[in-house]
Amino acid sequence: MLRLLTAGESHGQALAGIIEGLPAGLDIDARYINRQLARRQQGYGRGARMKIEQDEVKIISGVRGGKTLGSPVTIIIENLNYPEWEEIMAPESIRTDRVVERPRPGHADLAGGMKYGHADLRNVLERASARETAVRVALGAVCRKFLEKFGIQIYSQVVSIGSVVAAPVPVEGENIERLMAQVDGSPVRCFEDEKTREMIQEIDRARAAGESLGGSFEVGALGIPPGLGSYAQWDRRLDSRLAAGLMSIPAIKAVEIGEGLAGAGTPGSGVHDEIFYDTDMGLERGTNRAGGIEGGVSNGETVWARAYMKPIPTLMRPLASVNISTWQAERAQVERSDVCAVPAAAVVGEAVMAWMMAEAFLEKFSGDNLEQVKLNYTGYMQYLRKVWKWIRTSS
Ligand SMILES: Cc1cc2nc3c(=O)[nH]c(=O)nc-3n(C[C@H](O)[C@H](O)[C@H](O)COP(=O)(O)O)c2cc1C
């Protein structure tokens with residue numbers, strides 16, 4: 001079983017993540033993880049902090065000589081601006097003249113304050129902040145590296161920002177590298193140049209109006225073999241696990257697997273992916289509206305989903321709130337904030353996809369070291385080819 005845990009406050013000393021259950025013998029290094037972190041920090045519409053801090057990981061356990069040991073891998077990302085925040089965030093004595101008392105509608109401030117009994121809402125927002133997703137991307141990078149060993153590739157692309165909607169580009173094995181280079185080159189992670197320009201303008205308008213924006217992104221994994229997840233119990237279903245993972249990204253409020261939303265309003269013949277057989281190609285599906293998952297089990301097609309993000313809760317023209325020390329009506333707290341973080345959320349979505357797929361993959365092909373996992377995987381692929389004429393995914 002693969003387990004991931006994160007810890008750390010937004011302006012605390014550091015973020016920490018532990019990943020446990022990885023096989024021994026996987027090559028991993030900090031540079032590979034840092035490249036993924038840099039992708040999360042990009043994106044038009046981010047706040048000033050992204051320019052100040054260049055995140056870098058320290059691997060402090062579970063890796064020796066560049067290879068995993070089979071023991072828990074611990075990753076640390078230091079918050080470089082901690083010295084400025086030490087008086088406010090130190091575990092020991094702190095300044096009490098800078099408390100946060102005006103909860104922001106849409107953020108965790110009020111609900112978290114009531115739950116944990118915090119009169120200083122900084123105690124809530126420091127952990128609820130999406131800064132936590134940096135270390136999730138780091139752990140996701142380790143999962144991604146593992147999946148790469150089996151030819152699995154992960155992508156994301158922004159589909160909409162505010163009212164600007166792009167047509168997502170179909171991503172396949174032959175074109176993924178070229179398409180993703182183009183998406184990585186767009187400040188809003190959108191494939192279409194014209195829509196990129198419109199999205200940037202939409203963000204500029206929102207910033208000028210003291211507003212914030214949400215949007216949506218698509219995330220997918222190519223090369224997932226048939227048979228991950230199961231219909232045998234609700235919590236084994238791959239679709240429910242992927243949806244839960246994507247929904248756990250702060251501000252994601254809806255997830256669809258494949259063309260889930262459109263499917264609800266379309267007759268069955270226009271939704272379900274027909275099954276064909278060809279002596280050269282083996283079993284084939286003409287379409288992949290199901291998002292590569294049927295009955296909670298991967299069917300060998302690309303696994304893909306879309307996630308929908310609400311607008312950022314911190315507004316430079318703040319909404320109505322109440323001061324929780326005086327109970328007087330006041331405007332909500334203004335913290336340094338992003339105007340739009342959909343492109344960054346898409347990179348976090350890739351990390352979640354990598355985590356969920358690695359977890360399901362290891363469940364099926366488990367092994368204490370990478371060679372054992374490879375043996376299990378290869379044996380299963382041979383069986384699929386021989387018995388089920390599944391000949392597309394190479395082992
Ligand atoms: C990558 C990313 C960056 C975010 N940046 C901000 C931000 O700068 N300011 C803010 O108020 N919310 C930001 N959010 C959203 C909040 O973290 C989120 O709305 C909040 O934790 C409440 O959780 P909920 O929206 O899931 O209910 C960001 C989310 C993501 C995924």
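This report walks through a predicted protein model, from its overall build to its core, its helices and its ligand shell.

Because the model is predicted, local features need pLDDT of at least 70 and side-chain atom pairs count only at pLDDT 80 or more, while totals for chains, interfaces and linings use all residues. Residue numbers start from 1 along each chain, as its sequence is written.

**The whole chain**

Let's start with the big picture. The protein chain comes to 12 helices and 17 strands. Both are DSSP runs numbered from the N terminus: helices are H or I with at least four residues, strands are E with at least two. Along the principal axes, the C-alpha atoms fill a box of roughly 75 × 50 × 40 Å. A compact globule of 395 residues would have a radius of gyration near 21 Å, and the protein chain agrees with its 22 Å. (That radius is taken over C-alpha atoms, and the globule rule is 2.2 Å times the number of residues to the power 0.38.)

Of the 395 residues, 42% count as buried. Buried means that 20 or more other C-beta atoms lie within 10 Å of the residue's own; exposed means 12 or fewer, and partly exposed is in between, with C-beta atoms placed from the backbone. Among contacts with a separation of 6 or more, 71% join residues 24 or more positions apart. Two residues are in contact if their C-beta atoms, placed from the backbone, lie within 7 Å.

In soluble globular proteins, nonpolar side chains tend to be buried together. Here, the largest nonpolar core has 88 residues, and Ala 138, Val 142, Ala 307, Ala 345, Met 357 and Ala 358 have the most contacts inside it. Helix α11 gives the most to this core, with 17 residues. Such a core is a set of buried Ala, Val, Leu, Ile, Met, Phe, Trp, Tyr and Cys residues joined through C-beta atoms within 7 Å. Leaving aside neighbours within four places in sequence, the contacts of Ala 307 include Phe 217, Leu 246 and Gly 349.

**Helices and exposed spots**

Here are two helices with their lengths; the expected span is 1.5 Å times one less than the number of residues.

| Helix | Residues | Expected span | End-to-end C-alpha distance |
|---|---|---|---|
| α6 (132–148) | 17 residues | 24 Å | 25 Å |

Helix α6 is mostly covered, with 16 of its 17 residues buried. After α12 comes Lys 389, with a positive phi near 55°. Helix α9 (residues 238–247) is mostly covered too: seven of its 10 residues are buried, and what covers them includes β10, β15 and α11.

Now for the outside. Glu 177 lies in helix α7 and is exposed because it has 11 other C-beta atoms within 10 Å. Arg 336 sits in the loop between β17 and α11, and it counts as exposed because it has 9 C-beta neighbours inside 10 Å. The C-alpha atoms of Arg 336 and Gly 47 are separated by 6.7 Å, though the two are 289 residues apart along the chain.

**Around the ligand**

Of the 21 residues around the ligand, Ala 130, Pro 250, Thr 314, Asp 338 and Ala 341 come nearest. Helix α11 (residues 342–364) supplies the largest share of this shell, three residues. By class, the shell has 12 nonpolar, seven polar and two charged residues. Ala, Val, Leu, Ile, Met, Phe, Trp, Tyr, Cys and Pro count as nonpolar, Asp, Glu, Lys and Arg as charged, and the others, Gly among them, as polar.

Notes
A residue is near a molecule or strand if its C-beta atom, placed from the backbone, lies within 6 Å of it.
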